[in-house]
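Here is a short briefing on a pair of chains. Look at where they meet, then at one chain alone.

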Amino acid sequence: MKILAVSLLRMGDILMQNSIFMGIRQSHPGAEIHLLVHEEFAQAKQLLDGIDYFHFVPYRSIQSVLVEGTGSLSSAFNKLAGLVRFLNEQKYDMIYNCTHTLLSARIMDLLKSPQKKGIQFDDGRVFRSQEKWLNYMNEIYTQTGLKPFHMIEVLSRAVGVECFKGELQRSTVKNEIYIQTETSDVKKNWPLQHFKNLKKEIESRFKDQRVYLVIPPHRKEVYLEQFNEVDLVACSLSEAKQRLSGARLLISPDTSMIHLAAMVGCPSVVLFLGSANVTSTFPLQEGSILLSPKTECYPCRHSEACKFAEPVCHEDLLLKDVISAIEFKLEENKQSFAGTNVFQVTGRTDRKFYNLQALTGGSAVSNSLERKLSQQVWEIYLNEDYRQPLPPYGSTAQEFIEDFGEINVEQEFLDGWLQRELQSAAMLESFVEKFQHQMQEVSRLCHRPNFDGVEGIVNNLSHLQNEITIKMPSRSDELGKLRDLVRTRYESAFSFYKAMKLAVEEFESLNFIRSQIISKALAYLRERRASHVKRARKLSSVST
Amino acid sequence: MSINIKWRQADRGDWVPFVDDRALASTRDPRLEAIRWVQALPTIREESDIAVLGLGAGFHVAELARAFPNKKIFAFENHTEICDKFKKNFPELAEQVEVVDLSEYQKNPFDKSFGTIVHFRSAQQSAGDVYKKLYEHLVGVNGKLNIKEIIDTLDEREQSFESKIWRALREFVK
């Protein structure tokens, strides 16, 4: 059996997708697995172990022909056509597109295979899948904000591959800590001076640890202005992989290095800044520590420049909290954090999804609870479990309480949070009624051949969804489709009605599932509390 | 090219060329086919000439010339007999339309820049590869044409391997 995986994003994404490639290997042990990546990331060949053959898209050379005119257009044509013909000669039994770009969807249209998974065009038309996870993936990639799932968790379901499950073999751990300071996006970079101070602090607190900066060789001159040469490890990614496999810890912003560390089982403390989304691109490794600022505009859009002269979030991520996180990781002592959101990655081994357990109070706890609940709501919806005769609301609620009720969330806080969520769900029900009323208005105009008369209703709908987003920003994910639809231009009232009807129904279902889980969770929490009180009374009567 | 071309009358009475029993224009109404073809064309750039790949019965070229009277049209055709027939049937277009016999052009290609290159698929029956190579050649020698303009010349319904490659290439510059 021959399988091709298409991964046409950047190095960090390729490394992050390794758990999917390994999942493919796990489910097809005897298969020949090929991987298609951009030529500039050919180094992946030295980094990924489970791939048999690599193929490369000559992206830069084609782009330079098309943009800079360095060759004839037919040369660009021949390069791509030659690659596609070569790949089709391989006669793949299955092709997985692990990329969510138009380029990859067009390439999927050109590739031949009896089974093609992931986004693709079908003879030039957008492939309309019945697969809800795939549609969900397409929708969430266009939105900002915190996400209920890791990007890979959604992708794996969208392409129908279970992520790799298994123990990583670690080599002997040396007392070495590595710091990686740079990403390709300045918004995501913590200032170099902060890293310099961090290095000094680690060296003074952990005298048995040797601290190195791992840097790309072409940046050595810049680093020599601030650091001693003996502290610098200027190396390729494959050498970095070797070093990390025996390292005690990696400290890094959100870059390919954190996924490399996860691949070799090296623990990491990761700083998420700017557009680096702490909820969706963290290293897939239990125990990783993630820090993100409490800045209002965090996380920002990937494609937009920071609106401030100096990114505010860079200063909102506090040095002392990074040090506390390192102490927590190395010494496993409970730490207090001053002003940064700190999470620990948990839950993969006995749960379907990774959780982010808040190590700080306040908004981090709420974010953590909201992420878990949204995850459960979406999972039931996307798997269509809510259509079953006995939907799994009870077991889901139990899992929710078990994940948070015994770790670091106080019972009263959890109870209060759930009560507020239940009220929000009830409020959203009234919004659903308003949406439906507006849709009835649209249905009256459906006989018209044009869009006349619908504009006012579109404004009302837009106003309603804005109102929800402002009151309940955490619902922006569930409102995504609705928001996109009211912004789209339609030719007729009927086409608008058709699209909106589905979106309103989706929103209604999501809200219903949410309120069911919360009600069950509250009941379960009270039941547990009652049994604790009963047990405590019993114990006290025995002792007296 | 010395291939036996047969001319048969279409339902509406116009003469249509056949190669290997395949018609190189509509056998019902080639004039209506020509009108519809011109209507479906992408935006024609103001400042430069048009290349049409495939001559067939010639009505589409005549219709194009009528729709764009100020444009110079280069009609590329694989069969010498069809080239001659066009010149004979449409003498009034002699100045506006330059018929390019491919067998001559292959011996002595000229370096010319086209703002728009369009296929007339009906006239390319059984010679698709020849026109495909011609298209690639024209695009290659044509420094002024960019990828977006190539995409503009593609019919949306066109889903050949070549069209899909051009559409994929468009994504490299986004």
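Across the interface of chain A and chain B, the rule finds three salt bridges. A salt bridge here is a side-chain nitrogen of Lys or Arg within 4 Å of a carboxyl oxygen of Asp or Glu. This is a predicted model: local features need pLDDT of at least 70, side-chain atom pairs count only at pLDDT 80 or more, and totals for chains, interfaces and linings use all residues. Residues are numbered from 1 along each chain as its sequence is written, chains are lettered from A in the order in which they are written, and side-chain values use heavy atoms, without hydrogens and water.

**The interface**
- B:E171 forms a salt bridge with A:R106, and their closest N and O atoms are 3.6 Å apart.
- Chain A gives 23 residues to the contact and chain B gives 21 residues; contact means heavy atoms within 4.5 Å.
- The two chains bury about 2,000 Å² between them, 74% of it on carbon and sulfur atoms. Buried area is the accessible area (1.4 Å probe) that two parts lose on being put together, summed over both.

**Chain B**
- Chain B has seven helices and seven strands. These are DSSP runs, numbered from the N terminus: helices (H or I) have at least four residues, strands (E) at least two.
- Along the sequence, the pattern of chain B is β-β-β-α-β-α-β-α-β-α-β-α-α-α.
- The C-alpha trace of chain B spans about 50 × 30 × 30 Å along its principal axes.
- Of the 174 residues in chain B, 55% are buried, meaning under 20% relative accessible area (1.4 Å probe, protein chains only).

Conventions: Buried < 20%, exposed > 50% of the residue type's maximum accessible area, 1.4 Å probe, protein only.
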